[in-house]
Amino acid sequence: MMINPPKSRTQEILDVLWEHKVYIVIVGLLVMLPHLIGWLTESSPFATARGATVVLRGQSGVWQAIFIEVFALAIFVMSYNLMFGFTGVISFGHALFFGIGGYALGIVLQFGGIENIDVAFFAGLGAVFGLCIVFGLFIGLVSLRLRGVYFAIFTLAVAQIGWYFVENWALTGRDGGFSIKTVPSWIDSIQSRINLYYVALVCFVLVFLFIRRLVNSPTGAVLKAIRENEERAKAIGYNTLTYKLFSIVVASVMAGLAGVLHGLLNKQGISPQLFGVNYTVDALLMTIIGGVGTFTGPVLGATGLHLADVAFRDRIIEIGGVSIQLSDSWALITGLIFVLVVLVFPYGIVGTYYRVKLWIKKKTTSQAPPAPPPHG
Amino acid sequence: MNTKSFSFNLSNPVVTISLLFGMVFAFGIYATSSPSSGINPSLFGITLVSGLFQGMLLFLVASGLSLIFGLMDILNFAQGAYFMIGAYMTWDIQNLDTGVPFFNNIGSAFPDPNIRFLVALIIAVVTGGVLGFILERILLRPLYSRPLFQLVLTFGVSLIMLEIIKAVWGTNSNAWTSTIWLNSGTFSIFGQQDTTYRLFVIAVGAVMMIAIALLLRRTKLGIIVRAGVEDAEMVSALGINVRAIFTLIFTLGCALAAFGGAVATPFLGVKFTMGSEFLLAAIAAIVLGGLGSYEGTAIASILVGFMWSFTQQFGVRPDINNGIWFSITPMLLLTMILLLRPSGIFGKER
């Protein structure tokens, strides 16, 4: 009987890297993206000083902004998927945490009155994560008593209260919102957008790896058990509340992080919209389009929808002499996509891909043992 | 021997209801009084009428929501949009000089404003019913095996309907300008005057409340519906086409919401946030009443209506917009009920 010689440590690492070659290539491309676009369009990815002001001109800066938004949305959607896809908890108020991210950071930076701007920034981050943990714990504790529809209603109500609150708060400019004028220059979205880009990229990769590691861990197995049948998970002896609480708090903090990134990029427009139902809908739609309960699905959904948004929102289409500005009916279009996807494409891109793969495998090897449901 | 005795605890609906109404009235007396002139009975009285009016409107939205949820376990997030469809269509048909030409042309066929209002009401209700039928038949039917997706779907449909309303009628809020027999008179109560239209809505709400109760208690359909609320599968096992009953009740619920919007608009006018305001308040009402309980929904709607009108009288801090209480009261109420007693007044302890 042959025994394989034990693999060396380097060989093991190389194997793991080869297994994840697609991810590595994509991350590599994303790392080079600002310079690549800068090189292609002959624009500098860095901002240049022009007199007293600093300006960022050219395509590279535009694409950096687009991808910072993609990373923020992807983090937001992945956090939503952790709750909806992996734990089976449906929330209609996830935008609450997104809004807390933008508002708490903005309020500390703008109205906190802290002299040192870097201290203020980190105090703001602390405030965001602190608030997200507190609200996440609150909503998570409620999930002990409320299931399904009741939990969805509850989260919707809490998020609406948050929305009404900031919409009527004089300090933050009521429904007009406010702008953060004092951002540390090393992460400012004009002066050093490329730094913000890399910070966002690192956050995005870390969140992706963290969720993957979490879901593939024993804790993740319990989360999936709760999704499939909470009573049964409880009967086996797991304290399901602790696990749900953990999942919800982690998701809340990640959504807060996404809100921070979004707020830093759009520092001129911290408005009650951040708390609006639209962001929750975006999260739901992007999760479902990409594939509920998959790792890459939410990322694909967020990227695809945001790029589509950028590409088509300002277009004008002519149908039989009537020109329609797409931005006017953008919400209607996303709503229609939303309903269509729920009806005819419920497994999303990644989910359908694995189903088709499984189906082909079944056809070619008819007596193959049933494969476990894929999570890619 | 009958030993049924009265027990004073919160699981007794009578105790809970009296306690809640007592608290709301006490709050109302406090909110309508001022430090300088003390208790103000006339302001309290007129606020009470206003609360009853809002409660009845809310009931028209909430009853459909409650019937649909009780029978088929769908929380219809689109109910607020049906309310708005009813309101906007009635408003547009009635007020000839504003809105979309198509509806104005329908309106101009009926020169008499009273008849025009009746026609507008009927068209709005029928449209609401037809749209409800389409939603249940085409969109919700394929999803009965996946309840979470049903919830998500009604949520999506509500967005689409809201966007269509915005695209057709714009985002400005509009007032009702037409004078009809119903809103031309005034009545006085406790020395305060108010339009008779409030009395009309209160009467209509009361009639609908009794009519639906009779439908549920005294007809064959009502028996089937009530049995379906208990156990839809068992009813279907008895050879009754439950799916058809589902469609019927869903259509009825949506038509009721449209009717609510239609009778609300002569007083409230139209604005595109009215749907979500009434939807969230209606959800608060049906949760307070106990999901699926008709009596609970009726009582809780009126309770929420009172809370609405009293909090609007409540003095607010100068740095917070006045309107916030109208929006936030149902939300606070809803979160508190869900936290303290998720089963509501009439619901069974789960």
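The following legends describe several views of a predicted model.

Local features are taken at pLDDT of at least 70 and side-chain atom pairs at pLDDT 80 or more, whereas totals for chains, interfaces and linings use all residues. Residues are numbered from 1 along each chain as its sequence is written, and chains are lettered from A in the order in which they are written.

**View 1. Overall fold of chain A.** Chain A contains 14 helices and four strands (DSSP runs of H or I with at least four residues, and of E with at least two, numbered from the N terminus). The radius of gyration of chain A, taken over C-alpha atoms, is 22 Å, close to the 21 Å given by the globule rule for 376 residues, so chain A is as compact as a globular protein of that length. The globule rule is 2.2 Å times the number of residues to the power 0.38. The C-alpha trace of chain A spans about 75 × 60 × 50 Å along its principal axes. Of the 376 residues of chain A, 43% count as buried (20 or more other C-beta atoms within 10 Å of the residue's own, with C-beta atoms placed from the backbone).

**View 2. Helix H12 of chain A and its surroundings.** H12(A) has 17 residues and reaches 24 Å from its first C-alpha to its last, close to the 24 Å expected at 1.5 Å a residue (1.5 Å times one less than the number of residues). Its buried residues include A:Val299, A:Leu305 and A:His306. The buried residues of H12(A) pack against helices H3 (59–84), H7 (193–215), H11 and H14 of chain A.

**View 3. The crossing of H12 and H14 in chain A.** The axes of H12 (residues 296–312) and H14 (residues 348–364) come within 7 Å and cross at roughly 130°. Axes are lines fitted to C-alpha atoms over the stretch in contact, with angles from 0 to 180 degrees between N-to-C directions. A:Thr296, A:Gly297 and A:Leu300 in H12(A) meet A:Gly348, A:Ile349, A:Val350 and A:Gly351 in H14(A); contact requires C-beta atoms, placed from the backbone, within 7 Å. These contact residues divide into three nonpolar, four polar and no charged (Ala, Val, Leu, Ile, Met, Phe, Trp, Tyr, Cys and Pro are nonpolar; Asp, Glu, Lys and Arg are charged; the others, Gly among them, are polar).

**View 4. The side of chain A that touches chain B.** In this interface, 29 residues of chain A are in contact with 31 residues of chain B. Helices H6 (148–167), H11 (277–290) and H13 (330–344) of chain A are the elements that give two or more residues to this side. H6(A) provides the largest share, 10 residues.

Notes: Contact = placed C-beta atoms within 7 Å. Buried ≥ 20, exposed ≤ 12 C-beta atoms within 10 Å, placed from the backbone.
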